[in-house]
Amino acid sequence: RVASFYGGPQVVGGILPDAVEQGRVAGQAMAGDPGARAYPGAIPLNTYAFFGHRAVSVGMQDLPGAETFRRQDPAAGRDLKIVTRDGRLAGIFGIDWPFDGGVMWELILRRVDLSPVFDRFVADPQDTARTLMSSLWR
């Protein structure tokens, strides 16, 4: 096992930064560090390029009770998949679709309710997520 992902110990990933964070939190707890906090679980985030395309993957997609929303633009070769559960983002996966993986990661980690802005989020995930996070970071 490398690192447990957000959603439970049954979901295991092999992304090095997640393993480092899990080890840091475990080390702080073992050392009795007063700044130690509970490990919330990792949220998978990956980005890669292939044949001139860029893909970004954040979060989970196969969750009980999740809803999936899909947008495709075959002419441009773009594909977007948004997964929500209980009105909150659980995962977002795109090929040549602009969105900030780190901002989406924060939306998932913070369990931000997308219900009030969901239609805008599906239409323009990047700008909607940036607007949401700028209000949360202030």
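I am reading a predicted model, in which local features need pLDDT of at least 70, side-chain atom pairs count only at pLDDT 80 or more, and totals for chains, interfaces and linings use all residues. Residues are numbered from 1 along each chain as its sequence is written, and side-chain values use heavy atoms, with hydrogens and water left out.

**Entry: the core**

I looked up L89. Leaving aside neighbours within four places in sequence, L89 is in contact with I82, V83, T84, M104, L107, I108, V112, L114 and F121.

For burial I used relative accessible area: buried is under 20%, exposed is over 50%, and partly exposed is in between, with a 1.4 Å probe and protein chains only. Which members of the largest core touch the most other members? They are V58, L89, I92, M104, L107 and F121, out of 22 residues. The largest share, four residues, comes from α2. The element names follow DSSP runs, numbered from the N terminus: helices are H or I with at least four residues, and strands are E with at least two.

**Entry: helix α2**

I went through α2 (residues 101–109) and found G101, V103, M104, E106, L107 and I108 buried. What covers them? The cover includes β3 (45–50), β4 (53–59), β7 (88–95), α3 (118–123) and α4. Just after α2, I noted that R111 takes a positive phi of about 55°.

**Entry: salt bridges**

I searched the whole structure for salt bridges, taking a side-chain nitrogen of Lys or Arg within 4 Å of a carboxyl oxygen of Asp or Glu. R130 is partly exposed at 40% relative accessibility, and D100 is partly exposed at 22%.

The side chains of E106 and R110 also meet in a salt bridge, at 2.7 Å, N to O. Is E106 buried or exposed? E106 counts as buried because its relative accessible area is 16%, whereas R110 is partly exposed at 38%.

R78 forms a salt bridge with D73, with the closest N and O atoms 3.7 Å apart. R78 is partly exposed at 25%, and so is D73 at 26%.

**Entry: rings**

I stayed with R78 and found its charged end over the ring of W97, 3.8 Å from the ring centre. The test is NZ of Lys or CZ of Arg within 6 Å of the ring centre and within 35 degrees of the ring normal.

For ring pairs, I took Phe, Tyr and Trp (its six-membered ring) with centres within 6.5 Å; planes under 30 degrees apart are stacked, over 60 edge-to-face, and the rest tilted. The whole structure has three aromatic pairs. One of them joins F50 and F51 edge-to-face, at 6.5 Å centre to centre and 85° between the planes. Ring pairs link Y48, F50 and F51 into a cluster. F50 is partly exposed at 30%, while F51 is exposed at 81%.

**Entry: positive phi in loops**

F51 sits in the loop between β3 and β4, and its phi is near 45°, a positive value in a residue other than glycine. D86 is in the loop between β6 and β7 and has a positive phi of about 55° although it is not a glycine. D86 counts as exposed because its relative accessibility is 60%.

**Entry: T128**

My last stop was T128, in helix α4 (residues 125–137). T128 is buried, at 7% relative accessible area. Which residues does T128 touch, not counting those up to four places away in sequence? The list is V117, R120 and F121. The backbone oxygen of R120 lies 3.1 Å from a polar atom of the T128 side chain.

Terms used
Polar contact = N/O pair within 3.5 Å; in protein donor to acceptor, adjacent residues only side chain to side chain. Contact = heavy atoms within 4.5 Å. Core = buried A, V, L, I, M, F, W, Y, C linked by side-chain atoms within 4.5 Å.
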